[in-house]
Amino acid sequence: MLIIGIAGGTGCGKTTVVNQIIDQLATEDVAVISQDHYYKDTSNLTLEQRTKINFDHPQSIDFPLLTQHLNDLRNNKPIEQPVYSFVEHNRTGETTTTYPTKVMIVEGILILTNPELRDLFDIKIYVHADSDERLIRRLKRDIAERGRDLEEVLNRYQTTLKPMHQQFIEPTKEFADMIIPNNRYNTVAVDIVQSIIRERLT
Ligand SMILES: Nc1ncnc2c1ncn2[C@@H]1O[C@H](COP(=O)(O)OP(=O)(O)O)[C@@H](O)[C@H]1O
Ligand SMILES: Nc1ccn([C@@H]2O[C@H](COP(=O)(O)O)[C@@H](O)[C@H]2O)c(=O)n1
């Protein structure tokens, strides 16, 4: 199994790049795991308490579970990925069965911060977009898709996202084998990653 890790700050375009890669490949031999599904279970907290969690700190992620799942897939065992709700700020209790595939892409803001997880990646990619561009994209996306309002997104950006990005996410660029500039859509970089994957699939 070829495992590709794709990191980068919120709104840099990780999900978009991953979708561009797999849409054009049109094969069931490539699957995706999003770090977002591995936020820790916080059912012991009220919704009010959960809204105050720092979701941009490495401690918010269940890295042992994510690492175990990747190891299981490498050992040809299917996994039950938790399903996460951005509205409830919690796992829903449902799971998605994910089967081993020839190529597995793992994407998320914090995936390169954890040494055990990082060691499982054959290729490490960091998607870069400038912080003003990321903030604009995040604002539009969170209001349209994640049930947030302007005040909430801006407040979270200033108090949490920006400092956490500088402390934890941006420094993981140094672990990347490849950096994809994504202020604009980068079809050349997507083509390069697709070529690497195609080689593995043949
Ligand atoms: N290169 C780009 N140019 C303009 N908008 C983009 C670009 N890449 C992504 N977007 C948009 O920005 C938003 C955030 O992108 P997304 O892929 O969800 O980022 P991430 O997964 O890194 O948080 C989405 O609405 C997406 O359509
Ligand atoms: N309940 C939650 C959990 C996470 N977030 C934010 O999601 C961002 C990571 O996802 P991307 O798709 O943007 O990479 C991260 O910055 C968290 O702040 C959230 O808003 N609510």
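**Entry 1: strand E5 and its partners**

I began with isoleucine 6, whose bridge partner in E5 is glutamate 107. I took helices (H or I, at least four residues) and strands (E, at least two) as DSSP runs, numbered from the N terminus. I noted that this is a predicted model, in which local features need pLDDT of at least 70 and side-chain atom pairs count only at pLDDT 80 or more, while totals for chains, interfaces and linings use all residues. Residues are numbered from 1 along each chain as its sequence is written, and chains are lettered from A and ligands numbered from 1 in the order in which they are written.

E1 and E5 pair in the parallel sense over five bridges. Two strands count as paired if DSSP finds at least two bridges between them. E2 also runs parallel to E5, and five bridges join them. On that side I found valine 30 bridged to valine 103 of E5.

Next I checked how covered E5 is. Five of its five residues are buried. Buried means 20 or more other C-beta atoms within 10 Å of the residue's own, exposed means 12 or fewer, and partly exposed is in between, with C-beta atoms placed from the backbone. Val103, Ile105 and Glu107 lie on one side of E5, Met104 and Val106 on the other, and all are buried.

**Entry 2: the whole sheet**

I then wrote down the strand order, E2-E5-E1-E6-E7, an open sheet of five strands with parallel pairing. Which strands stand at the edges? They are E2 (30-34) and E7 (178-181), and each has a single partner strand, so one side of each is left without a neighbour in the sheet. Neighbouring strands are turned by 20° against each other on average, direction ignored.

At the E7 end, four bridges join E7 to strand E6 (residues 123-128), and the two run parallel. Tyrosine 126 has isoleucine 179 of E7 as its bridge partner.

Helix H7 (residues 187-201) lies across E1 (2-7), E2, E5 (103-107), E6 and E7, and runs at about 145° to E5. For this angle, axes are lines fitted to C-alpha atoms, for helices over the stretch in contact, and angles run from 0 to 180 degrees between N-to-C directions. Contact means that the C-beta atoms of two residues, placed from the backbone, lie within 7 Å.

E3 and E4 pair in the antiparallel sense over six bridges. Glutamate 80 has threonine 97 of E4 as its bridge partner. Is E4 covered or in the open? Zero of its nine residues are buried, so E4 lies largely in the open.

Most residues other than glycine have a negative phi. Histidine 89 has a positive phi near 55°, in a hairpin with four residues between its strands. With 17 C-beta neighbours inside 10 Å, histidine 89 counts as partly exposed.

Asparagine 76 also has a positive phi, about 70°, although it is not a glycine. I placed asparagine 76 in the loop between helix H3 (63-74) and strand E3 (79-85). Asparagine 76 has 9 C-beta neighbours inside 10 Å and therefore counts as exposed.

I listed the residues near each ligand, near meaning that the C-beta atom, placed from the backbone, lies within 6 Å. Ligand 1 is surrounded by 14 residues, and the closest are Gly13, Lys14, Thr15, Thr16 and Arg137. Helix H1 (14-25) and helix H5 (131-145) are the elements that give two or more residues to this shell. The shell around ligand 1 divides into two nonpolar, seven polar and five charged residues. In this sorting Ala, Val, Leu, Ile, Met, Phe, Trp, Tyr, Cys and Pro are nonpolar, Asp, Glu, Lys and Arg are charged, and the others, Gly among them, are polar.

The residues around ligand 2 include Asp36, Tyr39, Phe86 and Ile109. Histidine 89 is also one of the residues around ligand 2. This shell has five nonpolar, four polar and three charged residues.
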